[in-house]
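Dear colleague,

Please find below the structure that I promised to hand over, followed by an account of what was found in it. I would be glad if you could read the notes with the model open beside them.

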Amino acid sequence: MSISTLSRYSALSLIVTGLGAGSVGCSSSDVDAAAAGCNDLDATVQAEASLKAYSQATTKLKDRAFEVEAKFAAVCNAMNADLGLDASSESAEEACAILRARIDQAAAAGVTVAVEVTFDCRADIKAQAECEAECNVDADCDIEAECRGGEVLVECAGECSGQCDVTAPEVACEGVCEGTCSGVADVDCSGICEGSCSAPRFEGTCEAGCSADFSGTCEGSCDGTCDGSSVSGSCEGLCKGTCEGRATGTCEAACTGEFSDGHCEGECSGSCSASAGVECDGTCHGTCSYTPGTADCNGTCHGECDAEVSPPVCTGELNCEGSAECSSSCEAEASAEVDCPPPTASVVVIGDLELQQALSAHIEDWGAAVNLTLALHEPIVEVAEKTLAAFEALGDVGVAGASCFASSVSAAVEAEASISVSVDASASVSGEAG
């Protein structure tokens, strides 16, 4: 079974082996009760302030991990219902295992599935900045002077001297769009094309069919072969030849009707999305990066801003006492408040019309769950690996600090167990042919 995905989505299969569901040290109620003791820490003492930031990060990451696990349970059950399968499972693990078994069965029969999800989530830099402002108690820490191996960013609502990144469901963009750029007129598209596609070749769905060298699922009249047998009419399996009607697969001709969910090797008109960014002169659904000089910026400013709306953030290493632990915890907290615009996701199933329709109906919800999994996985693993010694190196944390750390790391373990379920669930459409 072939699965064509963007690199960050493909990497999920490698993550699976690195995460174990494992046993959780204590229940959620125990963790929440113990974490309340972290509120008694002295925020004016660096070691204790760092621990408090760590506690807040682990709690928020745990909540988001549970949220994305629930998303996978819902979307897998929805797909299972459309496929006539059991859709009553309460857990993502069970619901997505049922879906995967159905896809593996199709793969064994020669069906191919290609799924692509663009990743355009961004951590909340404002949340990170506010966290670091509370966590770093060293009043003499000059962020601009002490930032090493990165740059200083600031949330801006005024004039920005450098590049400005604006993330929104819809924003006018004349720059590079990470997400989907609509209003694109006749451009080469390295990502997913929605609209129309010129010759010479496409892989995706064309509402007007395919006139030459088609291979895929035909929701109309297939002229050629259906699962290897000559046909001139309906085909429930793999159609090769031409298709009059909605065609999903590969075609060696232009799409003369509406094109969606795929790649265009000619010129794309309508919208184009790519995780690496696409030149845009239209509406960007995601993050638009442009260099306006001193123009107004209502986003993240890479330079000087005359109207800052949050403290500055160093994207590298801040060389102030205690800042390393603060920064890592605050980055994790910002990841828990990640901003994920509606993702661009596509699926092409060749040889199984029922499967194509079921996956297509819920592919956007699937993409949203995948994006959250990608955004949360690394920060969760990092907080789960923290040790008490890292905080004790900053000063005496006392009995309260040790208790706070124990409850926080338990929350991190719960988050890690939950995100491992989501990683496994995200691989439900990547079964191998037997």
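Which residues in H5 meet which residues in H9? Leu 99, Arg 102, Ile 103 and Ala 106 are the ones in H5, and they meet Glu 354, Leu 355 and Leu 359 in H9, where contact stands for heavy atoms within 4.5 Å. By class, this contact has 5 nonpolar, no polar and 2 charged residues, with Ala, Val, Leu, Ile, Met, Phe, Trp, Tyr, Cys and Pro counted as nonpolar, Asp, Glu, Lys and Arg as charged, and the others, Gly among them, as polar. The axes of H5 and H9 are 11 Å apart, and the two helices pack at an angle of about 145°; axes here are lines fitted to C-alpha atoms, for helices over the stretch in contact, and angles run from 0 to 180 degrees between N-to-C directions.

Before going further, please note that this is a predicted model, in which local features need pLDDT of at least 70 and side-chain atom pairs count only at pLDDT 80 or more, while totals for chains, interfaces and linings use all residues. Residues are numbered from 1 along each chain as its sequence is written, and side-chain values use heavy atoms, with hydrogens and water left out.

The chain has 12 helices and 15 strands, taken as DSSP runs numbered from the N terminus (helices H or I, at least four residues; strands E, at least two). Of its 434 residues, 51% count as buried, that is, under 20% relative accessible area with a 1.4 Å probe, protein chains only.

Leu 359, leaving aside its neighbours within four places in sequence, is in contact with Met 79, Leu 99, Val 113, Val 347, Val 349 and Val 429.

Finally, the axes of H8 and H10 come within 9 Å and cross at roughly 145°, and Ala 332, Ser 335 and Ala 336 of H8 make the contact with Ala 375, Leu 376, Pro 379 and Val 383 of H10.

How values were computed. Buried means under 20% relative accessible area, exposed over 50%, partly exposed in between (1.4 Å probe, protein chains only).
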